[in-house]
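Subject: Structure for your files

Hello,

I am handing over the structure we spoke about. My notes on it follow below.

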Amino acid sequence: DHAALYALLLGAVGERPLGIQAGQVAAVARWAHSAEGGKAVTVVAVGPRSSTIALVAAALEREAIGSVDVREPFTSLKQIVEKNYTVEEMPELFCQGLLEYFDIKDIAALIAPRLVHGL
């Protein structure tokens with residue numbers, strides 16, 4: 001598994017795996033939004049990694065994503081440190097500087113007034 005090395009490589013050139021993955025989710029949401037005749041979609045994510053990705057995608061994609069349903073999310077990015085996760089376990093959540101400015105509740109607030117279920 002080279003996910004951690006890939007994350008480090010992306011970081012070295014100024015990219016963030018979290019941003020890339022959130023962009024991919026947003027792109028799929030735009031496609032589904034278009035395919036459904038302009039109806040906003042609900043993004044469902046299970047687990048802390050995909051839940052964080054879904055929240056960031058919804059914060060970025062205001063039109064296509066109508067709501068987010070997260071299951072088993074982190075309630076705070078501080079849990080990464082508290083539970084001693086490594087970059088090998090959760091490479092996209094090791095996003096340099098993110099926690100300095102945003103935590104899960106701050107990202108969820110960017111989604112308002114759209115609904116976020118599960119937080």
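In this predicted model, the largest nonpolar core has 28 residues. Leu18, Leu55, Ile65, Val68, Phe74 and Ile111 are the ones with the most contacts inside it. Two or more residues of this core come from each of α2 (17-35), β1 (41-46), α3 (48-60), β2 (65-71) and α6 (104-111). The element that gives the most is α3, with seven residues.

Leu55 is worth a look on screen. Leaving aside residues up to four places away in sequence, Leu55 touches Val68 and Val70, then Ile104, Ile107 and Ile111, and also Val116 and Leu119.

On the overall fold: the protein chain has six helices and three strands, and from the N terminus on the order is α-α-β-α-β-α-α-α-β. Its radius of gyration is 14 Å, close to the 14 Å that the globule rule gives for 119 residues, so the chain is as compact as a globular protein of that length. Along the principal axes, the C-alpha atoms fill a box of roughly 40 × 25 × 25 Å. Of the contacts with a separation of 6 or more, 71% are between residues 24 or more positions apart.

As for burial and surface, 41% of the 119 residues count as buried. The accessible surface of the protein chain is about 7000 Å², and carbon and sulfur atoms account for 57% of that. There are 10 positive and 14 negative side chains, with the centres of the two sets 6 Å apart.

Most residues other than glycine have a negative phi, and most peptide bonds are trans.

- Pro113 is in the loop between α6 and β3 (115-117).

Regards

Notes:
Residues numbered from 1 in each chain as written. Predicted model: local features only at pLDDT ≥ 70, side-chain atom pairs only at ≥ 80, totals over all residues. Heavy atoms only, no water. Helix = DSSP H or I, 4+ residues; strand = E, 2+ residues; numbered from the N terminus. Rg over C-alpha atoms; globule rule 2.2 N^0.38 Å. Buried < 20%, exposed > 50% of the residue type's maximum accessible area, 1.4 Å probe, protein only. Contact = heavy atoms within 4.5 Å. Areas by Shrake-Rupley, 256 points an atom, 1.4 Å probe, with all protein chains shown as cover. Lys, Arg positive; Asp, Glu negative; His and termini not counted. Charge placed at Lys NZ, Arg CZ, Asp CG, Glu CD. Core = buried A, V, L, I, M, F, W, Y, C linked by side-chain atoms within 4.5 Å.
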